[in-house]
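Please read it with the sequence and the model in view.

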Amino acid sequence: PFDFNGRDFLTLADFSKEEIEYFILLGIDLKEKLKKGVPFKPLAGKTLGMIFEKSSTRTRVSFEVGMVQLGGYPLFLSKQDIQLGRGETIADTARVLSRYVDGIMMRTDSQQKLIEMARYSTIPIINGLSDLFHPTQAIADFMTIYEHKKKWQGLKLVYIGDGNNVAHSLMITGTKLGMDVVVASPKGYEPNAKVIQLAKEEANRHGGKLEVINDPQVAVIGADIIYTDVWTSMGQEQETRLRLEHFKGFQVNSQLLKAAEKDHLFMHCLPAHRGEEVTDEVIEGPNSVVFDEAENRLHAHKAILTAFIR
Ligand code: CP
Ligand code: NVA
């Protein structure tokens with residue numbers, strides 16, 4: 001139904017509501033196939049290069065396992081081990097890898113590098129997390145929401161904490177899917193202004209809302225989904241102490257969640273810093289779906305690989 005030939009998966013801003021729904025529903029279908037033991041190996045003989053400039057547990061393992069389950073072969077390419085880490089350019093790396101592999105998934109500190117990679121490669125580039133976005137995470141997240149709530153339209157998703165890559169992808173995807181998205185961040189840690197603008201336009205187009213405020217207590221009122229992420233992302237370690245101070249009052253704990261809907265979902269992309277952005281009680285509590293969410297990375301990534309690799 002959709003043609004992803006010649007396209008890259010760098011941000012969900014590049015995809016329509018229908019295309020995003022397609023990725024999610026394909027993920028659900030592939031999950032069912034796997035659980036039922038139905039063989040599905042459309043990527044036999046295909047290879048995926050996986051470049052990591054930063055650490056990863058979920059993204060690395062789920063892409064690697066997903067590629068194998070689809071019949072393909074993944075190569076883990078840590079920055080330290082390839083010439084990219086010694087100054088070979090993105091443009092050269094992209095052109096060389098294009099001659100060997102059928103797709104590249106890359107985790108990097110800069111969206112600009114992904115754009116550069118996409119410009120010089122002849123194969124699809126998949127964003128496995130950048131400074132600005134975490135789109136593969138968002139597909140797994142909205143898949144998890146659908147499994148538990150059977151819909152997206154009209155649900156209130158509240159993100160509490162740092163206006164970071166994960167928040168940006170939730171804002172864009174949530175508003176495209178017709179949800180009311182509220183972000184509560186400390187002053188100075190709000191999401192990127194351009195992303196706010198884009199998400200507002202998507203909200204208008206699809207019948208939802210996008211709000212950015214500084215009060216978590218107000219934000220959580222009537223929430224169907226509460227989402228948080230670490231206060232200090234990879235690469236910001238030198239700001240840890242300052243951030244601990246600035247994010248006081250933004251912890252997701254049982255007290256804060258009293259104002260949310262009783263059947264709310266608690267979500268977190270993981271890894272979590274328990275005792276900082278979320279308490280043990282909440283992340284281990286009955287409303288938490290964080291491990292479903294982590295599992296769904298595998299199924300979501302298989303959907304993305306199936307759509308893009310050829
Ligand atoms: N959520 C996520 O991307 O986890 P990893 O950093 O372990 O890949
Ligand atoms: N915001 C976090 C997400 C990790 C999956 C980071 O960028 O480190």
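Asp229 counts as buried because it has 26 C-beta neighbours inside 10 Å; buried means 20 or more other C-beta atoms within 10 Å of the residue's own, with C-beta atoms placed from the backbone. This is a predicted model, in which local features need pLDDT of at least 70, side-chain atom pairs count only at pLDDT 80 or more, and totals for chains, interfaces and linings use all residues. Residues are numbered from 1 along each chain as its sequence is written, while chains are lettered from A and ligands numbered from 1 in the order in which they are written.

**Asp229**
- Asp229 lies in the loop between strand 8 (225-228) and helix 9 (240-246); helices (H or I, at least four residues) and strands (E, at least two) are DSSP runs numbered from the N terminus.
- Beyond its neighbours within four places in sequence, Asp229 is in contact with residues including Gly161, Asp162, His268 and Glu277, contact being C-beta atoms, placed from the backbone, within 7 Å.

**Asn165**
- Asn165 belongs to helix 6 (residues 165-176).
- Asn165 is buried, because 26 other C-beta atoms lie within 10 Å.

**Ligand 2**
- The residues surrounding ligand 2 are Leu129, Asn164, Asn165, Val166, Asp229, Val230, Ser233, Met234 and Cys269, each with its C-beta atom, placed from the backbone, within 6 Å.

**Annotation**
- In the unreviewed UniProt entry, "binding site" covers Asn165, Asp229, Ser233 and Met234; such annotations may be inferred rather than shown by experiment, with shortened feature names and positions in the numbering used here.
- Although these residues are spread over 70 residues of sequence, they cluster in space, with a largest C-alpha distance of 11.7 Å.

Terms used
Buried ≥ 20, exposed ≤ 12 C-beta atoms within 10 Å, placed from the backbone. Contact = placed C-beta atoms within 7 Å.
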